[in-house]
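Reader: I have a model open and want to learn how to read it. Where do we start?

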Amino acid sequence: MQVLLDNLPALLRGFRETLYLSAISAVFALVLGTLLAAMRVSPIPTLRAAGAAYVNIVRNTPLTLIFVFMLFGLPRLDLGVPPFQAAVLALGLYTAAFVCEAVRSGVNAVPVGQAEASRAIGLTFGNTLRLVILPQAIRSVLPPLGSIFIALTKNSAIAEFFGVSEATKVFDDLSRDNPDALYALFIGVAVGYVILTLSIAGAFRWLEARLVVLR
Amino acid sequence: MSAVLYDAPGPRTRRRVLVGTIVGGIVVVGIAVVAILRLANQGVFASKQWEPFTDPGVQRFLVRALWSTVKAALVAIALALVFGIVFAAGRLSDRAWLRVPAVVVIEFFRAVPLLLLILFLFLGFGDQLSPLGQAVGSQVPNAFGALVVGLMLYNGAVLAETFRAGIAAVPRGQSEAAYSIGLRKSQVMRMIQIPQAVRIMLPAIISQCVVALKDTALGFVIGYEELLRQGKIIYNTFGNIVPTALVIAAIYILINLALSSFATWLERRTRRRVGRALPPDVGVEIGRPVPAVAPASV
C-alpha cells in the first residue's frame, strides 16, 4: 500500500500517458475505420476489394507483430518515428479494421427506405452516405464502438515493451524494483484500468442515450 | 446489401463507375508501388534478405516456433473452456453467494489488460507455474505458465459471458416445457439447455480461439519461445526484419483466416438449421454483456 502512495506521481503520469495514447489512437482509428467502411460499401470494385483486403489482413495479425514492425521495421525503411508515434500508428491501424467492420454493420442496419429516399431526391452516393446513412449508422453502432475503444485502451498496454512509459510500463518498472509490493502494485494498476474502462463505457452509454435513433 | 445505396447504373453512371474504378485502382496500385519501391530501395527484395527462409534449418526452426505458439494456444483454450464453464455456471446460479463472486471475477479479468495480467503472473508466480511449461517441454517453462494462465483467465472470462449468452439464446419455451414435466434446474440445464446452446455458441467459441492464438504473441514480451520471439532471433541473426515480419504475419494470417472462415461457415449452417447463432465476433466486444441473439432474419 505504501508503495502505491510513494509512487503515486509516477503512476498518475503513466495513466496520463495511457490516456493520451488511447485517445489519439482512437481518433485515428475512428477516421480511418469510417473511411475504410465507406470504401467497403462503395460502388467501385477496386476500393471494395482494397478495403476488404485491409480488414482481413490486419484483423488476423497479432497486434504485437504490428508493434514490432512499426518500432523495428520502419527504421530499416528509413521511416523511423519515435516510440509514442509508432505506438499510435500500430494501435490506430489495428483498431481501424475493427471500427470498419462495426461501422459497416451499422450501414447495413440502416433501413432500406433511407437510402431509397435519398436516391429518390437525387443525392449522389457520396451525399447519401455522408448526409443520410453514416450519421444513423454510427449512432446505431455506438455500443460495439465503445467495446472497441475499451479494447484499444487495454491493448495500449503492449506499448510498454516498445518504449512508451504508460501505466503498464510503470507497473513493470516499479514491481521489478519492489518485488515485495507486487500484489499491491498489480491491484493498484488494475483498479486504474478498471476505472478507465468503466469511464469509457459510461461515456458511451451517455452518448447512446443522447444520440440514439428511435425507431 | 450495399446495392441499396446506389441505383442500378445507367450508361452515364457506368462510365463514372468505370472512371472511378480506374482512378481507385490507380490510387491503390500507386500506394502499393510506392511501398514496394520503398522496400526495394532499402534492399528488402535482395535475395540475401530472403535466402535464410530457403534454409532447411531455419524452416525447421520456424516450424518448431509455430508448434510452440499452437501448443500455448491449445492449452490456453482448453483451460479457458473449463474456466468459462465453471464461472458461467456460477453466474447463472440462483444463489447470490455464488453468483456475485462469479460476476466480479468475470468482469475483473475482462477489464484488465491481458499483458498486465501476464506480467503479474510472470513476476509473481513464475516458479509456481513452471511445472505447466515443463509438462509441455518448453525451454522457458515459467514464461509458458504465465502466458497460458493469463490467456486462460482472460479468454475464460470472455467465454463465460459467451456461454451465458448462448444459454439465454435457447428459446424460453424449451426450459418452460422441461420444468413443466417436472425436471429439476440442473436437469433442465444439462439435458435441455446446454445441448442446444452448444450449437448456437460454437461459432463464437471458434472465433475466441482466433483471439487466443493472436494473443499468444504477447509471449514475445516475457520471452516465451513462440513464433514472433523466434522470428526476432532470425532477424537479429540475418538482419532481415522486414522479410521476417512478412513471413510471420503470413503464417498467422493464413491460420486465422482458415479458423475465421470455418467459424463463419459454421454460423451460417447453424443459423440455417437451428434458426439462431451467436455471431462469431461476439468475443471481440469487451466491457459490456454479450448482446442477446437476434432471431434469424430469414
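Reader: How many helices and how many strands are there in chain A?

Author: This is a predicted model. Chain A has 10 helices and 0 strands. Read from the N terminus, its order of elements is α-α-α-α-α-α-α-α-α-α.

Reader: What does the C-alpha trace of chain A span along its principal axes?

Author: About 70 × 45 × 20 Å. Of the 215 residues in chain A, 49% are buried. Now take contacts between residues at least 6 apart in sequence. In chain A, 78% of these join residues at least 24 apart.

Reader: Now one helix. How do I read α10 of chain B?

Author: Start with the general idea. An α-helix has 3.6 residues a turn, so residues three or four places apart point the same way. Then check the length. Helix α10(B) covers residues 227-238, which is 12 residues. From first C-alpha to last, α10(B) reaches 16 Å, close to the 16 Å expected at 1.5 Å a residue.

Reader: Which residues of α10(B) are buried?

Author: B:Leu227, B:Leu228, B:Arg229, B:Gln230, B:Gly231, B:Ile234 and B:Tyr235.

Reader: What do the buried residues of α10(B) pack against?

Author: Partners come from both chains. Chain A supplies α4. Chain B supplies α3 (56-91), α9 (219-222) and α11 (241-274). Just after α10(B), look at B:Gly239. Its phi is positive, about 60°.

Reader: What pLDDT does chain B average?

Author: Chain B averages 86, and 91% of its residues score at least 70. One stretch of chain B, residues 282-298, falls below 50. Beyond near neighbours in sequence, that stretch still has 44 contacts in the model. Where pLDDT is low, the predicted coordinates should not be read in detail.

Reader: And what ipTM and pTM does the predictor give the complex?

Author: An ipTM of 0.91 and a pTM of 0.88.

Note on methods: Residues numbered from 1 in each chain as written. Chains lettered and ligands numbered in written order. Predicted model: local features only at pLDDT ≥ 70, side-chain atom pairs only at ≥ 80, totals over all residues. pLDDT = per-residue confidence, 0-100. Contact = placed C-beta atoms within 7 Å. Helix = DSSP H or I, 4+ residues; strand = E, 2+ residues; numbered from the N terminus. Buried ≥ 20, exposed ≤ 12 C-beta atoms within 10 Å, placed from the backbone. Expected span 1.5 Å × (residues − 1).
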